[in-house]
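Start with the fold of one chain, then turn to where the chains meet.

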Amino acid sequence: MAKQGETLNPQELERQLNRLWEAYRRACPDPEPTAAFLPGVWRLIEKRRDSTYSLCRWAQALVGAAAAVCVVLGILLSAAAPGPVFNRTTYVEALAEENSPEVQLYASAFSNENGSR
Amino acid sequence: MLVDFELVERARAGDDEAFSEIVGAYRKRVLGTIARLIGRPEDVEDVGQQVFMRLYLSLNQLRSPEVFEPWLYRLTANAAYDYLRRQRRRAESRLADLSEQQVVMADAAAGFQRLEEEHERARVRELVQSLLSSVSEEDRILLLLKEVEGLSLKELEKIYHVNENALKVRLFRARQRVLKALAAKQSSSAASKATGRG
């Protein structure tokens with residue numbers, strides 16, 4: 001390292017940084033793993049597996065509950081009061097109803113009443 | 001490669017024994033890389049275990065055994081990055097007590113000579129860590145992988161899935177920031193020396 005107090009030129013600063021990287025590498029050698037390392041890895045894996053499994057079970061339970069609610073709602077809706085009449089008659093039925101003798105009778109009575117006035 | 005492709009294939013197929021063999025082969029290298037990336041020896045094993053746990057869970061995403069090592073480096077860099085971000089969030093008192101912890105550990109373990117050596121190593125670690133605090137966690141990891149781990153741009157390209165030119169630009173900027181921090185450190189220590197003399 002350059003003596004402190006000197007103003008360093010860029011090249012010298014670059015060289016100093018390179019030397020510092022090397023020193024840092026030496027200051028942080030590969031540590032020896034302890035005997036507990038591998039069991040620790042497996043413990044973490046098991047823990048993650050368990051949490052994933054319980055998450056899956058929760059998700060499955062929620063999906064099941066949602067499906068049950070859908071079925072119940074469907075049953076309730078179908079059992080509710082029937083819709084209005086016009087929904088249940090077809091176009092042909094409505095036309096026939098319009099030309100029924102009863103309707104014709106009312107129509108002629110109405111026109112006669114208007115004519116007498 | 002420290003292991004053969006067949007072992008990676010077996011681990012990928014769900015063979016736990018093969019996976020344990022891979023951990024045995026790579027743990028020292030991974031722990032060394034983590035030690036240099038995070039600069040806190042006491043947390044190295046925890047981060048290393050995280051790396052291998054992530055490896056186990058992501059082995060099925062590995063495209064082919066040929067890219068196993070860059071994949072492992074990527075997981076290592078990601079775990080170190082997560083650790084550094086957590087540390088920043090916790091805002092622990094770190095650099096100042098790091099050297100102190102090292103000195104205390106060394107003091108208990110060995111004699112004066114070793115204590116001196118450990119003190120010097122702690123000083124270097126402290127200096128590098130303080131210089132690296134001038135760059136983001138991502139750039140810090142990239143810079144250390146290049147400058148300290150000695151990975152080539154081609155290897156970094158495989159790890160980061162970023163083209164070489166983008167990496168060069170990023171590395172250049174990060175290095176410039178570190179150089180600036182080094183120059184500032186030098187001038188401040190020169191100034192304090194001059195004040196001490198005066």
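Chain A reads α-α-α-α-α along its sequence. That is five helices and zero strands. Helices (H or I, at least four residues) and strands (E, at least two) are DSSP runs, numbered from the N terminus.

The model is predicted: local features need pLDDT of at least 70, side-chain atom pairs count only at pLDDT 80 or more, and totals for chains, interfaces and linings use all residues. Residues are numbered from 1 along each chain as its sequence is written, while chains are lettered from A and ligands numbered from 1 in the order in which they are written.

Buried residues make up 4% of the 117 residues in chain A. Buried means that 20 or more other C-beta atoms, placed from the backbone, lie within 10 Å of the residue's own.

Now look at chain B. The contact takes 26 residues from chain A and 34 from chain B. Residues are in contact if their C-beta atoms, placed from the backbone, lie within 7 Å. On the chain A side, α1 (10–27) and α2 each supply at least two residues. Helix α1(A) gives the largest share, 10 residues.

Next, follow one helix pair. The axes of α2 (residues 37–79) of chain A and α3 (residues 44–58) of chain B come within 9 Å and cross at roughly 50°. Axes are lines fitted to C-alpha atoms over the stretch in contact, and angles run from 0 to 180 degrees between N-to-C directions. The pair is therefore oblique, the class left once angles under 35, over 145 and from 65 to 115 degrees are set aside. Among the residues that make this contact are A:Phe37, A:Leu44, B:Phe52 and B:Tyr56.

Notes
A residue is buried if 20 or more other C-beta atoms lie within 10 Å of its own, exposed if 12 or fewer, and partly exposed in between; C-beta atoms are placed from the backbone. Two residues are in contact if their C-beta atoms, placed from the backbone, lie within 7 Å.
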